[in-house]
Amino acid sequence: MNFELETASVPGENLRRVAIDPVSRVEGHGKVTILLDENNKVHQVRLHIVEFRGFERFIQGRPYWEVPVMVQRLCGICPVSHHLAASKALDLIVGASKVTPTADKMRRLMHYGQILQSHALHFFHLSSPDLLFGFGSEVGRRNIVGVAQQYPDIAKKGILLRKFGQEVIRLTAGKRVHGTGAVPGGVNRSLTADERKDLLKDAYQMIAWSRDAVRIIKELHQQDPALYDHFGTVRSSFMGLVAPDGSLDLYHGVLRAKDADGRILFDQVDYQTYDRLITEEVKPWSYMKFPYFTSMGPEAGWYKVGPLARVQNCDSIPTPFAEHERRELVAYAGGKPLHGSLAFHWARMIEMLFAAETIKDLLHDDDLSGTELMAGGERRREGVGVIEAPRGTLFHHYQVGDDDLVTMANLIVSTTNNNQAMNTAVREVAKQYLDGQEITEGLLNHIEVAIRAFDPCLSCATHALGKMPLEVTLVDAEGTELDRKYKA
(Lines give C-alpha, C1' and ligand atoms only; values in the text may rest on other atoms or scores of the structure.)
Protein backbone atom coordinates (compact mmCIF):
# COMPACT_ATOMS: atom_id res chain seq x y z
CA MET A 1 0.00 0.00 0.00
CA ASN A 2 1.21 3.51 -0.82
CA PHE A 3 -0.11 6.39 1.25
CA GLU A 4 0.86 9.99 1.83
CA LEU A 5 -0.03 12.64 4.39
CA GLU A 6 -0.09 16.30 3.39
CA THR A 7 -1.78 19.61 4.19
CA ALA A 8 -5.05 20.03 2.31
CA SER A 9 -6.00 23.40 0.87
CA VAL A 10 -9.62 23.81 1.99
CA PRO A 11 -10.78 27.41 2.53
CA GLY A 12 -11.63 28.06 6.19
CA GLU A 13 -10.50 24.61 7.31
CA ASN A 14 -7.23 23.45 8.87
CA LEU A 15 -7.23 20.00 7.33
CA ARG A 16 -4.71 17.35 6.37
CA ARG A 17 -5.16 14.98 3.48
CA VAL A 18 -4.37 11.26 3.57
CA ALA A 19 -4.29 9.52 0.20
CA ILE A 20 -4.26 5.74 -0.35
CA ASP A 21 -3.00 5.57 -3.91
CA PRO A 22 -3.42 3.08 -5.41
CA VAL A 23 -5.94 0.87 -3.62
CA SER A 24 -4.33 -2.57 -3.69
CA ARG A 25 -5.62 -6.09 -4.36
CA VAL A 26 -8.52 -4.93 -6.52
CA GLU A 27 -8.93 -4.96 -10.31
CA GLY A 28 -8.15 -1.57 -11.83
CA HIS A 29 -6.87 1.68 -10.37
CA GLY A 30 -8.50 3.79 -7.68
CA LYS A 31 -7.54 5.87 -4.70
CA VAL A 32 -9.05 6.97 -1.40
CA THR A 33 -8.68 10.47 0.01
CA ILE A 34 -9.33 11.19 3.69
CA LEU A 35 -9.43 14.71 5.15
CA LEU A 36 -8.47 14.96 8.84
CA ASP A 37 -8.72 17.94 11.18
CA GLU A 38 -6.04 18.99 13.69
CA ASN A 39 -7.29 16.32 16.13
CA ASN A 40 -7.14 13.55 13.50
CA LYS A 41 -10.94 13.50 13.33
CA VAL A 42 -12.30 12.37 9.97
CA HIS A 43 -13.79 15.27 8.01
CA GLN A 44 -14.36 13.64 4.61
CA VAL A 45 -13.68 10.30 2.89
CA ARG A 46 -14.00 9.58 -0.82
CA LEU A 47 -13.25 6.68 -3.12
CA HIS A 48 -11.98 8.09 -6.42
CA ILE A 49 -11.98 6.11 -9.66
CA VAL A 50 -9.16 7.68 -11.61
CA GLU A 51 -9.14 5.51 -14.74
CA PHE A 52 -10.98 6.52 -17.88
CA ARG A 53 -12.05 4.00 -20.54
CA GLY A 54 -14.87 5.46 -22.67
CA PHE A 55 -16.23 2.18 -24.08
CA GLU A 56 -19.77 3.52 -24.35
CA ARG A 57 -18.62 6.01 -26.95
CA PHE A 58 -16.16 4.13 -29.10
CA ILE A 59 -18.53 1.15 -29.45
CA GLN A 60 -20.76 3.55 -31.39
CA GLY A 61 -20.30 3.18 -35.14
CA ARG A 62 -19.07 -0.42 -34.92
CA PRO A 63 -20.99 -3.35 -36.47
CA TYR A 64 -23.16 -4.92 -33.79
CA TRP A 65 -21.66 -8.39 -34.23
CA GLU A 66 -18.26 -7.09 -33.08
CA VAL A 67 -19.59 -5.87 -29.74
CA PRO A 68 -19.62 -9.14 -27.68
CA VAL A 69 -15.90 -9.52 -28.37
CA MET A 70 -15.01 -5.81 -28.05
CA VAL A 71 -16.60 -5.21 -24.66
CA GLN A 72 -14.56 -8.00 -23.07
CA ARG A 73 -11.55 -5.69 -23.33
CA LEU A 74 -13.05 -3.68 -20.50
CA CYS A 75 -11.46 -6.19 -18.16
CA GLY A 76 -9.33 -9.32 -17.98
CA ILE A 77 -11.03 -10.47 -14.77
CA CYS A 78 -14.70 -10.53 -15.83
CA PRO A 79 -14.66 -10.60 -19.66
CA VAL A 80 -17.17 -13.47 -19.78
CA SER A 81 -19.78 -11.35 -18.02
CA HIS A 82 -19.55 -8.55 -20.58
CA HIS A 83 -19.37 -11.08 -23.41
CA LEU A 84 -22.64 -12.70 -22.33
CA ALA A 85 -24.51 -9.53 -21.35
CA ALA A 86 -23.74 -8.02 -24.76
CA SER A 87 -24.71 -11.24 -26.54
CA LYS A 88 -28.03 -11.33 -24.67
CA ALA A 89 -28.77 -7.73 -25.69
CA LEU A 90 -27.89 -8.42 -29.31
CA ASP A 91 -29.98 -11.61 -29.37
CA LEU A 92 -32.93 -9.24 -29.42
CA ILE A 93 -31.43 -7.21 -32.27
CA VAL A 94 -31.32 -10.34 -34.48
CA GLY A 95 -34.78 -11.43 -33.31
CA ALA A 96 -33.65 -14.35 -31.13
CA SER A 97 -35.94 -13.69 -28.20
CA LYS A 98 -35.23 -17.28 -27.18
CA VAL A 99 -32.03 -19.10 -28.08
CA THR A 100 -31.77 -22.86 -28.61
CA PRO A 101 -31.40 -25.21 -25.61
CA THR A 102 -27.79 -25.92 -26.60
CA ALA A 103 -26.95 -22.21 -26.80
CA ASP A 104 -28.69 -21.46 -23.50
CA LYS A 105 -26.88 -24.23 -21.62
CA MET A 106 -23.48 -23.54 -23.18
CA ARG A 107 -23.79 -19.92 -22.12
CA ARG A 108 -24.92 -20.90 -18.65
CA LEU A 109 -21.98 -23.28 -18.28
CA MET A 110 -19.61 -20.54 -19.43
CA HIS A 111 -21.15 -18.10 -16.97
CA TYR A 112 -21.03 -20.39 -13.96
CA GLY A 113 -17.41 -21.20 -14.82
CA GLN A 114 -16.79 -17.46 -14.64
CA ILE A 115 -18.59 -17.16 -11.30
CA LEU A 116 -16.52 -20.03 -9.88
CA GLN A 117 -13.12 -18.78 -11.03
CA SER A 118 -13.78 -15.13 -10.14
CA HIS A 119 -15.09 -15.88 -6.64
CA ALA A 120 -12.15 -18.22 -6.01
CA LEU A 121 -9.68 -15.59 -7.19
CA HIS A 122 -11.17 -12.89 -5.01
CA PHE A 123 -11.59 -14.88 -1.83
CA PHE A 124 -8.37 -16.90 -1.79
CA HIS A 125 -5.94 -14.56 -3.55
CA LEU A 126 -7.16 -11.06 -2.69
CA SER A 127 -9.13 -11.22 0.56
CA SER A 128 -7.96 -14.26 2.53
CA PRO A 129 -4.68 -12.59 3.61
CA ASP A 130 -6.68 -9.96 5.54
CA LEU A 131 -9.15 -12.48 6.93
CA LEU A 132 -6.62 -15.10 7.98
CA PHE A 133 -3.81 -12.88 9.30
CA GLY A 134 -5.73 -9.82 10.50
CA PHE A 135 -6.32 -6.42 8.91
CA GLY A 136 -3.36 -4.82 10.67
CA SER A 137 -0.97 -7.75 10.45
CA GLU A 138 2.56 -7.55 9.05
CA VAL A 139 2.26 -6.15 5.55
CA GLY A 140 5.05 -8.36 4.20
CA ARG A 141 3.07 -11.57 4.64
CA ARG A 142 -0.40 -10.13 4.01
CA ASN A 143 -0.57 -11.60 0.49
CA ILE A 144 -1.19 -14.89 -1.31
CA VAL A 145 2.46 -15.94 -0.82
CA GLY A 146 2.03 -15.58 2.93
CA VAL A 147 -1.18 -17.62 2.75
CA ALA A 148 0.59 -20.35 0.78
CA GLN A 149 3.36 -20.52 3.38
CA GLN A 150 1.14 -20.69 6.46
CA TYR A 151 -2.03 -22.27 5.00
CA PRO A 152 -0.80 -24.33 2.01
CA ASP A 153 -3.96 -26.45 1.83
CA ILE A 154 -6.21 -23.38 1.61
CA ALA A 155 -4.00 -21.76 -1.03
CA LYS A 156 -3.89 -24.97 -3.10
CA LYS A 157 -7.67 -25.32 -3.10
CA GLY A 158 -8.07 -21.69 -4.16
CA ILE A 159 -5.66 -22.09 -7.06
CA LEU A 160 -7.23 -25.32 -8.31
CA LEU A 161 -10.80 -24.03 -7.96
CA ARG A 162 -9.91 -21.07 -10.15
CA LYS A 163 -8.09 -23.33 -12.62
CA PHE A 164 -11.19 -25.51 -12.99
CA GLY A 165 -13.40 -22.48 -13.64
CA GLN A 166 -10.97 -21.24 -16.29
CA GLU A 167 -11.02 -24.65 -17.96
CA VAL A 168 -14.82 -24.50 -18.15
CA ILE A 169 -14.48 -21.08 -19.80
CA ARG A 170 -11.86 -22.33 -22.25
CA LEU A 171 -14.04 -25.16 -23.48
CA THR A 172 -17.18 -23.04 -23.80
CA ALA A 173 -15.71 -19.73 -24.99
CA GLY A 174 -12.67 -20.95 -26.92
CA LYS A 175 -10.12 -19.21 -24.67
CA ARG A 176 -9.71 -18.65 -20.94
CA VAL A 177 -9.67 -14.88 -21.46
CA HIS A 178 -11.48 -12.92 -24.20
CA GLY A 179 -13.17 -15.90 -25.87
CA THR A 180 -15.68 -15.86 -28.72
CA GLY A 181 -18.15 -18.63 -27.81
CA ALA A 182 -21.31 -16.50 -27.60
CA VAL A 183 -22.57 -14.62 -30.66
CA PRO A 184 -25.77 -12.65 -31.33
CA GLY A 185 -28.44 -15.34 -31.64
CA GLY A 186 -26.60 -18.21 -29.97
CA VAL A 187 -23.16 -19.81 -29.72
CA ASN A 188 -20.52 -21.00 -32.18
CA ARG A 189 -19.58 -24.25 -30.45
CA SER A 190 -20.87 -27.10 -28.30
CA LEU A 191 -19.07 -29.66 -26.14
CA THR A 192 -18.14 -33.18 -27.09
CA ALA A 193 -19.01 -36.08 -24.84
CA ASP A 194 -15.31 -36.48 -23.96
CA GLU A 195 -14.98 -32.82 -22.98
CA ARG A 196 -17.96 -33.12 -20.67
CA LYS A 197 -16.57 -36.32 -19.19
CA ASP A 198 -13.17 -34.71 -18.53
CA LEU A 199 -14.76 -31.79 -16.68
CA LEU A 200 -17.03 -34.09 -14.68
CA LYS A 201 -14.01 -35.95 -13.30
CA ASP A 202 -13.10 -32.87 -11.26
CA ALA A 203 -16.54 -31.34 -10.70
CA TYR A 204 -17.34 -33.30 -7.54
CA GLN A 205 -14.01 -32.30 -5.97
CA MET A 206 -14.78 -28.65 -6.75
CA ILE A 207 -18.08 -28.98 -4.89
CA ALA A 208 -16.29 -30.45 -1.86
CA TRP A 209 -13.69 -27.68 -1.83
CA SER A 210 -16.38 -25.03 -2.24
CA ARG A 211 -18.13 -26.44 0.81
CA ASP A 212 -14.83 -26.16 2.69
CA ALA A 213 -14.58 -22.50 1.65
CA VAL A 214 -18.06 -21.77 3.01
CA ARG A 215 -17.06 -23.44 6.26
CA ILE A 216 -13.92 -21.28 6.56
CA ILE A 217 -15.73 -17.95 6.20
CA LYS A 218 -18.66 -19.11 8.34
CA GLU A 219 -16.29 -20.03 11.17
CA LEU A 220 -14.58 -16.63 10.93
CA HIS A 221 -17.98 -14.97 11.41
CA GLN A 222 -18.81 -17.16 14.37
CA GLN A 223 -15.41 -16.63 16.03
CA ASP A 224 -15.60 -12.83 15.92
CA PRO A 225 -19.20 -11.68 15.41
CA ALA A 226 -18.48 -8.21 16.81
CA LEU A 227 -16.14 -7.58 13.88
CA TYR A 228 -17.83 -9.52 11.09
CA ASP A 229 -21.37 -8.37 11.82
CA HIS A 230 -20.62 -4.65 12.05
CA PHE A 231 -17.48 -3.81 10.07
CA GLY A 232 -18.32 -1.38 7.27
CA THR A 233 -22.07 -1.65 7.84
CA VAL A 234 -24.01 -0.16 4.92
CA ARG A 235 -27.76 -0.18 5.41
CA SER A 236 -29.38 0.19 2.02
CA SER A 237 -31.79 -1.34 -0.43
CA PHE A 238 -30.48 -4.15 -2.60
CA MET A 239 -31.30 -5.47 -6.06
CA GLY A 240 -30.65 -8.43 -8.34
CA LEU A 241 -32.10 -10.93 -10.77
CA VAL A 242 -34.27 -13.78 -9.60
CA ALA A 243 -35.92 -16.58 -11.56
CA PRO A 244 -39.69 -16.27 -12.11
CA ASP A 245 -40.24 -18.53 -9.08
CA GLY A 246 -38.04 -16.29 -6.91
CA SER A 247 -35.05 -18.64 -6.82
CA LEU A 248 -31.47 -17.57 -7.47
CA ASP A 249 -30.51 -17.45 -11.16
CA LEU A 250 -27.26 -15.74 -12.09
CA TYR A 251 -27.74 -15.97 -15.87
CA HIS A 252 -31.28 -14.79 -16.56
CA GLY A 253 -34.41 -13.63 -14.76
CA VAL A 254 -36.41 -10.62 -13.64
CA LEU A 255 -35.44 -7.71 -11.40
CA ARG A 256 -36.33 -7.70 -7.73
CA ALA A 257 -35.37 -5.16 -5.06
CA LYS A 258 -35.82 -5.09 -1.30
CA ASP A 259 -35.36 -2.30 1.21
CA ALA A 260 -32.86 -2.37 4.07
CA ASP A 261 -35.29 -4.36 6.25
CA GLY A 262 -35.99 -6.96 3.55
CA ARG A 263 -39.35 -5.66 2.34
CA ILE A 264 -40.06 -5.93 -1.38
CA LEU A 265 -39.71 -2.64 -3.27
CA PHE A 266 -40.41 -4.09 -6.72
CA ASP A 267 -40.51 -7.60 -8.16
CA GLN A 268 -40.87 -9.49 -11.44
CA VAL A 269 -39.74 -6.45 -13.44
CA ASP A 270 -38.67 -7.02 -17.03
CA TYR A 271 -35.11 -5.71 -17.24
CA GLN A 272 -35.81 -4.28 -20.71
CA THR A 273 -37.41 -1.42 -18.76
CA TYR A 274 -34.43 -0.85 -16.41
CA ASP A 275 -34.10 2.79 -17.52
CA ARG A 276 -37.49 3.56 -16.00
CA LEU A 277 -36.22 2.33 -12.63
CA ILE A 278 -32.68 3.69 -12.45
CA THR A 279 -31.10 7.11 -12.90
CA GLU A 280 -27.34 7.55 -13.18
CA GLU A 281 -25.83 10.56 -11.40
CA VAL A 282 -22.40 12.00 -12.19
CA LYS A 283 -20.17 13.66 -9.56
CA PRO A 284 -17.14 15.83 -10.29
CA TRP A 285 -14.56 13.82 -8.33
CA SER A 286 -14.91 10.35 -9.89
CA TYR A 287 -15.16 8.78 -13.33
CA MET A 288 -17.68 6.29 -11.93
CA LYS A 289 -21.37 7.13 -12.00
CA PHE A 290 -23.76 6.92 -9.04
CA PRO A 291 -27.00 5.03 -9.90
CA TYR A 292 -30.15 5.22 -7.77
CA PHE A 293 -33.79 4.14 -7.92
CA THR A 294 -35.47 7.06 -9.65
CA SER A 295 -38.64 6.93 -7.57
CA MET A 296 -36.66 7.29 -4.33
CA GLY A 297 -34.23 10.03 -5.39
CA PRO A 298 -30.43 10.17 -5.10
CA GLU A 299 -30.29 10.53 -1.32
CA ALA A 300 -32.43 7.50 -0.44
CA GLY A 301 -32.47 5.51 -3.69
CA TRP A 302 -28.95 4.09 -3.89
CA TYR A 303 -28.59 0.35 -3.39
CA LYS A 304 -26.26 -2.65 -3.24
CA VAL A 305 -25.81 -5.48 -5.73
CA GLY A 306 -23.62 -8.58 -5.75
CA PRO A 307 -23.40 -11.78 -3.69
CA LEU A 308 -24.74 -10.38 -0.40
CA ALA A 309 -27.67 -8.76 -2.18
CA ARG A 310 -28.44 -11.81 -4.34
CA VAL A 311 -28.31 -14.45 -1.61
CA GLN A 312 -30.68 -12.35 0.54
CA ASN A 313 -32.85 -11.21 -2.37
CA CYS A 314 -33.86 -14.68 -3.56
CA ASP A 315 -36.34 -17.08 -1.95
CA SER A 316 -34.18 -20.16 -2.45
CA ILE A 317 -31.14 -21.55 -4.27
CA PRO A 318 -31.89 -24.43 -6.64
CA THR A 319 -28.98 -26.68 -5.62
CA PRO A 320 -29.04 -28.62 -2.33
CA PHE A 321 -25.74 -27.73 -0.66
CA ALA A 322 -25.91 -24.04 -1.53
CA GLU A 323 -29.54 -23.84 -0.38
CA HIS A 324 -28.57 -25.39 2.95
CA GLU A 325 -25.87 -22.75 3.38
CA ARG A 326 -28.25 -19.94 2.38
CA ARG A 327 -30.65 -21.05 5.09
CA GLU A 328 -27.81 -21.01 7.63
CA LEU A 329 -26.91 -17.45 6.67
CA VAL A 330 -30.54 -16.35 6.98
CA ALA A 331 -30.81 -18.05 10.38
CA TYR A 332 -27.56 -16.43 11.54
CA ALA A 333 -29.02 -13.02 10.67
CA GLY A 334 -32.26 -13.78 12.50
CA GLY A 335 -34.34 -13.41 9.35
CA LYS A 336 -33.22 -9.80 8.78
CA PRO A 337 -30.77 -8.73 6.05
CA LEU A 338 -27.09 -8.62 6.90
CA HIS A 339 -25.49 -5.29 5.96
CA GLY A 340 -21.94 -5.66 7.30
CA SER A 341 -19.51 -5.50 4.38
CA LEU A 342 -17.60 -8.63 5.46
CA ALA A 343 -20.78 -10.67 4.97
CA PHE A 344 -20.15 -10.31 1.22
CA HIS A 345 -17.45 -12.98 1.61
CA TRP A 346 -19.87 -15.46 3.19
CA ALA A 347 -22.44 -14.92 0.46
CA ARG A 348 -19.72 -15.07 -2.20
CA MET A 349 -18.62 -18.53 -1.07
CA ILE A 350 -22.24 -19.74 -1.05
CA GLU A 351 -22.47 -18.58 -4.67
CA MET A 352 -19.21 -20.34 -5.53
CA LEU A 353 -20.72 -23.54 -4.14
CA PHE A 354 -23.90 -22.90 -6.16
CA ALA A 355 -21.76 -22.45 -9.29
CA ALA A 356 -19.88 -25.71 -8.69
CA GLU A 357 -23.11 -27.64 -8.18
CA THR A 358 -24.69 -26.05 -11.26
CA ILE A 359 -21.67 -26.88 -13.42
CA LYS A 360 -21.90 -30.51 -12.33
CA ASP A 361 -25.63 -30.65 -13.17
CA LEU A 362 -25.14 -28.99 -16.57
CA LEU A 363 -22.35 -31.39 -17.55
CA HIS A 364 -24.84 -34.28 -17.28
CA ASP A 365 -27.13 -32.56 -19.83
CA ASP A 366 -26.87 -33.89 -23.40
CA ASP A 367 -28.05 -30.53 -24.78
CA LEU A 368 -24.47 -29.33 -24.26
CA SER A 369 -23.50 -31.60 -27.16
CA GLY A 370 -26.35 -30.49 -29.43
CA THR A 371 -25.95 -29.19 -32.97
CA GLU A 372 -28.62 -26.45 -33.07
CA LEU A 373 -26.54 -23.46 -32.09
CA MET A 374 -28.32 -20.43 -33.55
CA ALA A 375 -31.77 -18.83 -33.53
CA GLY A 376 -33.20 -15.76 -35.22
CA GLY A 377 -36.36 -13.87 -36.00
CA GLU A 378 -37.64 -10.41 -36.77
CA ARG A 379 -34.89 -7.78 -36.73
CA ARG A 380 -35.09 -5.14 -34.00
CA ARG A 381 -33.28 -1.87 -33.38
CA GLU A 382 -32.83 -2.05 -29.61
CA GLY A 383 -31.98 -4.61 -26.94
CA VAL A 384 -31.03 -4.82 -23.27
CA GLY A 385 -29.01 -7.70 -21.84
CA VAL A 386 -28.67 -8.22 -18.09
CA ILE A 387 -26.67 -10.83 -16.24
CA GLU A 388 -25.54 -11.32 -12.67
CA ALA A 389 -21.79 -10.89 -13.01
CA PRO A 390 -19.60 -12.07 -10.10
CA ARG A 391 -19.66 -8.54 -8.68
CA GLY A 392 -23.38 -7.86 -9.22
CA THR A 393 -26.04 -6.90 -11.72
CA LEU A 394 -24.64 -5.90 -15.12
CA PHE A 395 -26.65 -3.96 -17.72
CA HIS A 396 -25.79 -3.73 -21.44
CA HIS A 397 -28.12 -1.59 -23.59
CA TYR A 398 -27.63 -1.08 -27.33
CA GLN A 399 -29.42 0.60 -30.22
CA VAL A 400 -28.50 -0.41 -33.76
CA GLY A 401 -29.31 1.35 -37.04
CA ASP A 402 -30.55 -0.16 -40.29
CA ASP A 403 -26.91 -0.24 -41.46
CA ASP A 404 -26.08 -2.66 -38.59
CA LEU A 405 -23.92 -0.07 -36.82
CA VAL A 406 -24.33 0.65 -33.12
CA THR A 407 -25.85 4.09 -32.56
CA MET A 408 -26.07 4.03 -28.72
CA ALA A 409 -24.47 2.04 -25.94
CA ASN A 410 -25.11 2.32 -22.21
CA LEU A 411 -23.45 0.12 -19.61
CA ILE A 412 -24.19 0.02 -15.91
CA VAL A 413 -21.67 -2.38 -14.48
CA SER A 414 -21.76 -4.13 -11.16
CA THR A 415 -19.21 -1.92 -9.42
CA THR A 416 -21.03 1.20 -10.60
CA ASN A 417 -24.22 -0.08 -8.97
CA ASN A 418 -22.24 -0.45 -5.73
CA ASN A 419 -20.54 2.95 -5.96
CA GLN A 420 -22.41 4.78 -3.21
CA ALA A 421 -22.39 1.70 -0.97
CA MET A 422 -18.61 1.46 -1.26
CA ASN A 423 -18.18 5.15 -0.48
CA THR A 424 -20.46 4.76 2.54
CA ALA A 425 -18.56 1.70 3.78
CA VAL A 426 -15.24 3.53 3.44
CA ARG A 427 -16.59 6.51 5.40
CA GLU A 428 -17.99 4.33 8.20
CA VAL A 429 -14.77 2.35 8.58
CA ALA A 430 -12.69 5.54 8.58
CA LYS A 431 -14.81 7.05 11.33
CA GLN A 432 -14.69 3.85 13.39
CA TYR A 433 -10.97 3.08 13.12
CA LEU A 434 -9.14 6.31 12.17
CA ASP A 435 -10.90 8.97 14.26
CA GLY A 436 -8.35 10.51 16.64
CA GLN A 437 -5.72 7.85 15.91
CA GLU A 438 -2.19 8.12 14.63
CA ILE A 439 -2.38 7.03 11.00
CA THR A 440 -0.59 3.75 10.28
CA GLU A 441 -0.51 1.40 7.32
CA GLY A 442 -2.44 -1.20 9.30
CA LEU A 443 -5.24 1.22 10.11
CA LEU A 444 -5.45 2.38 6.50
CA ASN A 445 -5.65 -1.24 5.38
CA HIS A 446 -9.02 -1.37 7.19
CA ILE A 447 -10.23 1.07 4.52
CA GLU A 448 -8.99 -1.21 1.76
CA VAL A 449 -10.57 -4.24 3.43
CA ALA A 450 -13.94 -2.48 3.21
CA ILE A 451 -13.43 -1.80 -0.49
CA ARG A 452 -12.23 -5.34 -1.24
CA ALA A 453 -15.33 -6.81 0.38
CA PHE A 454 -17.31 -5.54 -2.62
CA ASP A 455 -14.77 -7.15 -5.00
CA PRO A 456 -14.80 -4.02 -7.18
CA CYS A 457 -13.71 -4.05 -10.81
CA LEU A 458 -12.65 -0.44 -11.23
CA SER A 459 -11.64 -0.88 -14.89
CA CYS A 460 -15.17 -1.93 -15.82
CA ALA A 461 -16.80 0.94 -13.97
CA THR A 462 -15.32 3.99 -15.70
CA HIS A 463 -17.60 5.20 -18.49
CA ALA A 464 -18.43 8.87 -17.98
CA LEU A 465 -17.26 10.23 -21.35
CA GLY A 466 -19.24 13.29 -22.38
CA LYS A 467 -20.68 13.75 -18.88
CA MET A 468 -17.64 14.21 -16.67
CA PRO A 469 -17.53 17.75 -15.16
CA LEU A 470 -14.19 19.55 -15.34
CA GLU A 471 -12.85 21.83 -12.63
CA VAL A 472 -9.63 23.83 -13.02
CA THR A 473 -8.13 25.77 -10.08
CA LEU A 474 -5.30 28.31 -10.48
CA VAL A 475 -3.11 28.88 -7.39
CA ASP A 476 0.01 30.95 -6.79
CA ALA A 477 3.33 29.72 -5.38
CA GLU A 478 2.05 30.07 -1.80
CA GLY A 479 -1.03 27.98 -2.53
CA THR A 480 -3.49 30.90 -2.58
CA GLU A 481 -6.37 30.31 -4.95
CA LEU A 482 -6.43 32.92 -7.71
CA ASP A 483 -9.17 31.62 -10.00
CA ARG A 484 -11.44 28.64 -10.52
CA LYS A 485 -13.36 27.54 -13.62
CA TYR A 486 -15.99 24.81 -13.78
CA LYS A 487 -17.48 23.19 -16.88
CA ALA A 488 -20.30 20.65 -16.66
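This is a predicted model: local features need pLDDT of at least 70, side-chain atom pairs count only at pLDDT 80 or more; totals for chains, interfaces and linings use all residues.
Entry 1: I started from the UniProt record, an unreviewed entry, which lists Cys75, Cys78 and Cys457 under "binding site". I wanted to know why they can be said to gather at one spot. They span 383 residues in sequence, yet no two of their C-alpha atoms are more than 8.3 Å apart, so one spot it is.

**Entry 2: where two of them sit.** I looked up Cys78 and found it in the loop between helix H2 (67-70) and helix H3 (79-93). Cys457 is in the loop between helix H16 (441-453) and strand S16 (470-475).

Next I asked myself: is Cys78 buried or exposed? Its relative accessible area is 4%, and with the cut-off for buried at under 20%, Cys78 counts as buried. Cys457 is buried too, with a relative accessible area of 1%.

**Entry 3: the sheet.** I then turned to an open sheet of three strands, ordered S13-S14-S15 and paired antiparallel. Strand S13 (382-389) and strand S15 (406-412) are the edges, each pairing on one side only. Ignoring direction, I note that neighbouring strands here are turned by 15° against each other on average.

For the pairing of strand S14 (residues 392-400) with S15, I have six bridges in the antiparallel sense. Gln399 stands opposite Met408 in S15.

**Entry 4: back to H3.** H3 lies across S13 and S14, and runs at about 150° to S13.

Methods:
Residues are numbered from 1 along each chain as its sequence is written. Side-chain values use heavy atoms; hydrogens and water are left out. UniProt positions are given in the numbering used here, feature names are shortened, and annotations may be inferred rather than shown by experiment. Helices (H or I, at least four residues) and strands (E, at least two) are DSSP runs, numbered from the N terminus. Buried means under 20% relative accessible area, exposed over 50%, partly exposed in between (1.4 Å probe, protein chains only). Two strands pair if DSSP finds at least two bridges between them. Axes are lines fitted to C-alpha atoms, for helices over the stretch in contact, and angles run from 0 to 180 degrees between N-to-C directions. Contact means heavy atoms within 4.5 Å.
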